[in-house]
Amino acid sequence: MPATVIVGLQWGDEGKGKTTDFLAEQTALVVRYQGGDNAGHTLMLGDEVFKLHLVPSGILYPHIVPVIGPGVVVNPQTLIEELDRLAARGIDISRLRASFAAHVILPYHRALDVAREHRLGGAKVGTTGRGIGPAYEDRAARSGLRLEDLLDEAAMRSKLERVLPEKNAVLAALGAEVRFEVDPLVEQALAWGRRLAPHLIDVTWLVQDALRRGDHVLLEGAQGTLLDLDHGSYPFVTSSSPVAGGACTGGGIGPRQVDEVFGVMKAYATRVGSGPFPTELLDGVGEGIAERGHEVGTTTGRPRRVGFFDAVSTRYAVAVNSVSSIMLNKLDILSGVDPIRLCVAYEIDGKRVEAWPSSAKLLERATPVYEDFPGWEEPIHAVRALSDLPDAARRYVTALEETAGAPIVLVSVGPERTQTIERAWRPMRHRVVAGP
Ligand code: IMP
């Protein structure tokens, strides 16, 4: 049962794309299991940079079938534009498969997302404005459209006739001016359906058949554990389940089919949007890390908030995901930072706390308790073995590993695939055959 889940251990943007890239060679299917076009994967293939939002990164490898799972919310317009851009760069897009059951983000979801955030003012979540929350709300309320509905005009029309009066009323109540009508939306959605029809299938059997054959399936999470709807710093979270458990519900597999959970984390922390961030740096050190690490949102272009590594939240993330191995990214960005501070506990209301409280109220009152590590000056992009790292860097990696409680098997020292230290690497045990 060779299924590997790749999951972010922080607030997203941990560099999961590089992990997928690293494992791609042995993989037949890459399945995206949650989120929508709020995500952004940046991948480097040779000298070329690819920025993907919705299409699983497997699309860049001719031997992989990229799959959009039932747990994803799909904006068909974004998907089609992304496919067109990839095709224009010579990428074969015909292999993409998307689940019939994935829900559709419609223009009114985006309008509601923006209007709600506007209404919240200073209390806003800082969403990406892509309609993610409103689309998942409709899914839970059983009033959403699924990708299969794009192929069925009658079903689509009757669903839109039912929901649009309600959506327009809510938009009016929120003070938004935009309104939506059934006919133009049906026309638009039918055009999307015609274009996407060759890609739509029942993904569950595709994944299950691949596992039965012994193919390696990679389940790729978007965002990160601390943005998880159930386990993150609610309400400053996204509306899906980025945790490894989400790979089961959103990808159509059972827990016993997961072979390995690969946690991905950066050597420091970042966060986009609002919400508590105990180790946030608001000084020159943070600015330096943000600049060297190009910490700007792939999707929104917003600057990411930057902070020191938080061992408290990482221990939590390793636990809730049952992480079996870790990829540590962007260690190179810390060259020149001295001291490097590692948050080992919080102080909340005068008490030392070592267990991450997934309550935003408590987190807002948390101040970090730091252990300081000496930094190193030299660039480390060319290092390929842990033993060749400066002593201080090696000590820091060891401290991160001890605090996480799971082995760090890959350490990234630059954006390219080759700029990676492979450590105690356990080769995958299973054969790979090309996808269907
Ligand atoms: P939403 O997912 O657009 O509803 O936004 C909810 C929260 O998740 C906001 O704080 C966003 O900034 C954050 N978020 C959503 N997607 C990403 C991502 O891919 N990386 C980092 N933060 C994200």
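Mentor: Ground rules: the model is predicted, local features need pLDDT of at least 70, side-chain atom pairs count only at pLDDT 80 or more, and totals for chains, interfaces and linings use all residues. Residues are numbered from 1 along each chain as its sequence is written, and side-chain values use heavy atoms, with hydrogens and water left out.

Trainee: What makes a residue count as near the ligand, and how many surround it?

Mentor: One of its heavy atoms must lie within 4 Å. Here 15 residues surround the ligand, with Asp13, Asn38, Thr128, Thr238 and Val272 the closest.

Trainee: Why is the ligand said to lie between domains?

Mentor: Because domain 1 (3-94 + 202-422) and domain 2 (103-199) both give residues to its shell; the bounds come from an automatic or database domain assignment.

Trainee: How do you know that β11 and β14 pair?

Mentor: Strands are DSSP runs of E, at least two residues, numbered from the N terminus, and pairing takes at least two bridges. β11 (258-266) and β14 (325-329) have five, in the parallel sense, so they pair.

Trainee: What makes β16 and β17 edge strands?

Mentor: Their open sheet runs β16-β15-β17. Each has a single partner strand, so one side is left without a neighbour in the sheet.

Notes. Helix = DSSP H or I, 4+ residues; strand = E, 2+ residues; numbered from the N terminus.
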